[in-house]
Amino acid sequence: LVEYRRDATKYAKHIKLNILQVLDLLPEELTRKNKRFLVADVEKGGRYDRMQDGFLWLAEAGIGLPCTAVSEPRVPLRLSQKSSFFKLYMNDVGLLSAMYMEGLQFRILSGETSINNGAIYENFVAQELAAHGFPLHYCMGENIGEIDFIIQYNGKVLPIEAKSGRRYR
């Protein structure tokens, strides 16, 4: 995490504050009910077009994994993409865990059940999908609610839900 911050200040001096603010807010944004990244959380009255370079830098540096919204789960997903609505995941679930709390990784691995793993599990799924070359999308629609991830595979749309507990709806 220290190295990520150092890289941001070394290579992106003109937007380093944006990058660091977004990076620091990432764990908090992932625990929100709607999990969508709210630019206003970075800067009061902030607009995406003014903050875009920070998000793009994190994605291009491989630190952040952007997940764009689609309005309908239909092929091709790209036609219903709404790029102003997005989630941002961390490229490394271990580093994300460390951002939440020191030593959290060990508590998760030891099977401790008192931990809220939802955001961590969802980030793990995002990381795996990205590692296998799938562009990350989620779906948010009035009639269907929210689908954590939606991918195109063999010409079909597949919904993917990430759940951390035993209660499924």
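**Confidence**

The mean pLDDT over the chain is 82, and 82% of the residues reach at least 70. Among the elements of the chain, strand S5 (residues 149-153) has the highest mean pLDDT, 96, whereas helix H5 (residues 104-109) has the lowest, 70. Where pLDDT is low, the predicted coordinates should not be read in detail.

**Nonpolar cores**

The largest nonpolar core consists of 32 residues. Within this core, Trp 57, Leu 58, Met 90 and Phe 149 have the most contacts. Two or more residues are given to the core by each of the helices H1 (2-11), H2 (16-30), H3 (48-60), H4 (93-100) and H6, and by each of the strands S1 (64-70), S2 (81-90) and S5. Helix H2 supplies the largest share, 6 residues. Another core, of 6 residues, lies apart from the largest one; Val 70, Leu 77, Ile 150 and Val 157 are among its members.

Leaving aside neighbours within four places in sequence, Phe 149 is in contact with residues including Cys 67, Tyr 89, Leu 129, Tyr 138 and Ile 160. Glu 122, Val 125 and Ala 126 are also among the contacts of Phe 149.

**Helix packing**

Two packed helices are described by the angle between their axes and the distance between the axes. The table gives these values for two pairs.

| Helix pair | Angle between axes | Distance between axes |
|---|---|---|
| H1 and H2 | about 155 degrees | 8 Å |
| H2 and H4 | about 90 degrees | 10 Å |

Because angles over 145 degrees count as roughly antiparallel, H1 is roughly antiparallel to H2. The crossing of H1 past H2 is right-handed. In this contact, H1 contributes Tyr 4, Arg 5, Ala 8 and Thr 9, while H2 contributes Lys 16, Ile 19, Leu 20, Leu 23 and Asp 24.

The angle between H2 and H4 falls within 65 to 115 degrees, and these helices are therefore roughly perpendicular to each other. Here the contact is formed by Leu 23, Asp 24, Leu 26, Pro 27 and Leu 30 of H2 with Leu 96, Met 99 and Tyr 100 of H4.

**Gln 127**

Gln 127 belongs to helix H6 (residues 118-131). Although Gln 127 and Val 93 are 34 residues apart in sequence, their C-alpha atoms are 7.5 Å apart in space.

Notes: Residues numbered from 1 in each chain as written. Predicted model: local features only at pLDDT ≥ 70, side-chain atom pairs only at ≥ 80, totals over all residues. Heavy atoms only, no water. Helix = DSSP H or I, 4+ residues; strand = E, 2+ residues; numbered from the N terminus. pLDDT = per-residue confidence, 0-100. Core = buried A, V, L, I, M, F, W, Y, C linked by side-chain atoms within 4.5 Å. Buried < 20%, exposed > 50% of the residue type's maximum accessible area, 1.4 Å probe, protein only. Contact = heavy atoms within 4.5 Å. Axes fitted to C-alpha atoms, helices over the stretch in contact; angles between N-to-C directions. Parallel < 35°, antiparallel > 145°, perpendicular 65-115°, else oblique. Left-handed = near helix turned anticlockwise from the far one by under 90°.
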